[in-house]
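Here's a quick tour of a protein fold, written for someone just starting out. Take a moment to look over the sequence and turn the structure around before reading on.

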Amino acid sequence: MGAVMGTFSSLQTKQRRPSKDKIEDELEMTMVCHRPEGLEQLEAQTNFTKRELQVLYRGFKNECPSGAVNEETFKQIYAQFFPHGDASTYAHYLFNAFDTTQTGSVKFEDFVTALSILLRGTVHEKLRWTFNLYDINKDGYINKEEMMDIVKAIYDMMGKYTYPVLKEDTPRQHVDVFFQKMDKNKDGIVTLDEFLESCQEDDNIMRSLQLFQNVM
């Protein structure tokens with residue numbers, strides 16, 4: 001979750017850079033020619049103001065002129081933020097979490113809804129979103145293999161230039177410790193309730209989830 005938040009925090013900062021004065025700011029908003037339908041509805045459903053949505057949409061359209069982004073384009077954009085590692089696998093999992101309707105493309109509405117949760121959602125909302133990310137096969141549970149796949153993808157994305165240098169078995173050790181804590185009834189899977197409870201009662205788990213928040 002931290003990697004997502006860090007990356008898109010930077011994107012939002014870039015897109016919301018203040019104009020020199022109010023007039024320029026208003027002119028910038030009027031340049032958003034292709035607004036998504038239901039802007040007021042998005043304002044009600046997210047934690048963004050109408051102005052923020054307009055500016056975010058302009059940035060989204062600059063990167064994705066068609067109004068939607070497919071997985072390959074998403075990977076290319078995401079890879080720019082992690083030049084020293086391989087972000088493709090994590091970007092794949094992240095794309096699937098954004099593509100809630102499983103259509104193979106992420107529209108602005110999908111993007112801004114997730115962004116609202118990751119940047120301005122409650123702790124509970126962020127944890128639910130993170131659970132969905134880790135639940136790769138979308139069966140409502142997280143098994144150890146899924147957790148390992150996500151964690152390894154994050155380590156691969158961070159690259160070999162981290163300090164201190166990470167050992168090859170670090171992801172496995174990380175998963176072994178946290179999965180044992182989360183799987184409270186020892187049935188080999190982590191439910192949403194177990195995930196929420198474990199994260200909120202264990203500071204080490206919460207810190208781990210936020211570990212990559214400031215990578216940008």
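Predicted model: local features only at pLDDT ≥ 70, side-chain atom pairs only at ≥ 80, totals over all residues.

## Briefing

As for the overall make-up, the protein has twelve helices and four strands. Of its 216 residues, 46% count as buried.

- Aspartate 110 has a relative accessibility of 12%, so it counts as buried, the cut-off being under 20%.
- Which residues does aspartate 110 touch, if you skip its neighbours within four places in sequence? They are Phe98, Thr100 and Ser105.
- Arginine 120 belongs to helix α7 too.
- With 33% relative accessibility, arginine 120 counts as partly exposed, because that value falls between the 20% and 50% cut-offs.
- Follow the chain from asparagine 47 to arginine 120 and you cover 73 residues, yet their C-alpha atoms are separated by 6.4 Å.

**Helix α4: checking a length**

- Helix α4 runs over residues 50–63, which makes 14 residues.
- If you're repeating the sum, multiply 1.5 Å by one less than the number of residues.
- The buried residues of α4 are Glu52, Leu53, Gln54, Val55, Leu56, Tyr57, Gly59, Phe60 and Lys61.
- A handy rule for reading lists like that: an α-helix has 3.6 residues a turn, so residues three or four places apart point the same way.

**Helices α5 and α6: a crossing pair**

- Helix α5 (residues 71–79) and helix α6 (residues 88–98) have axes that come within 9 Å and cross at roughly 125 degrees.
- That angle makes α5 oblique to α6, and the crossing is right-handed.
- On the α5 side, the contact is made by Glu71, Phe74, Lys75 and Tyr78. On the α6 side, the residues are Ser88, Tyr90, Ala91, His92, Leu94 and Phe95.
- Sorted by class, this contact of α5 with α6 has six nonpolar, two polar and two charged residues.
- Threonine 89 also lies in helix α6. Its relative accessible area is 34%, so threonine 89 is partly exposed.
- Threonine 89 and isoleucine 154 are 65 residues apart in sequence, but 8.5 Å apart in space, going C-alpha to C-alpha.

**Helices α8 and α11: another crossing pair**

- At what angle do helix α8 (residues 123–134) and helix α11 (residues 192–201) pack? The angle is about 130 degrees, and their axes are 10 Å apart.
- That makes α8 oblique to α11, with a right-handed crossing.
- From α8, the contact uses His124, Leu127, Arg128, Thr130 and Phe131. From α11, it uses Leu192, Phe195, Leu196, Cys199 and Gln200.
- The classes here come out as six nonpolar, three polar and one charged.
- Threonine 130 and phenylalanine 195 are 65 residues apart along the chain, and their C-alpha atoms are separated by 9.6 Å.
- The buried residues of α11 are Glu194, Phe195, Leu196, Ser198 and Cys199. They pack against α8, β3 (142–143), α10 (170–182), β4 (189–190) and α12 (203–209).

**Loops: two positive phi values**

- Some background first: most residues other than glycine have a negative phi.
- Glutamine 102 has a phi near 55 degrees, a positive value in a residue other than glycine. You'll find glutamine 102 in the loop between α6 and β2 (105–107).
- Lysine 138 also has a positive phi, near 55 degrees, and is a residue other than glycine. Lysine 138 lies in the loop between α8 and β3.
- At 35% relative accessibility, lysine 138 counts as partly exposed.

**The whole chain: contacts across the sequence**

- Take the contacts in the protein with a separation of 6 or more: what share comes from residues 24 or more positions apart? They account for 62% of those contacts.

Key. Residues numbered from 1 in each chain as written. Heavy atoms only, no water. Buried < 20%, exposed > 50% of the residue type's maximum accessible area, 1.4 Å probe, protein only. Axes fitted to C-alpha atoms, helices over the stretch in contact; angles between N-to-C directions. Parallel < 35°, antiparallel > 145°, perpendicular 65-115°, else oblique. Left-handed = near helix turned anticlockwise from the far one by under 90°. Contact = heavy atoms within 4.5 Å. Nonpolar A, V, L, I, M, F, W, Y, C, P; charged D, E, K, R; others polar.
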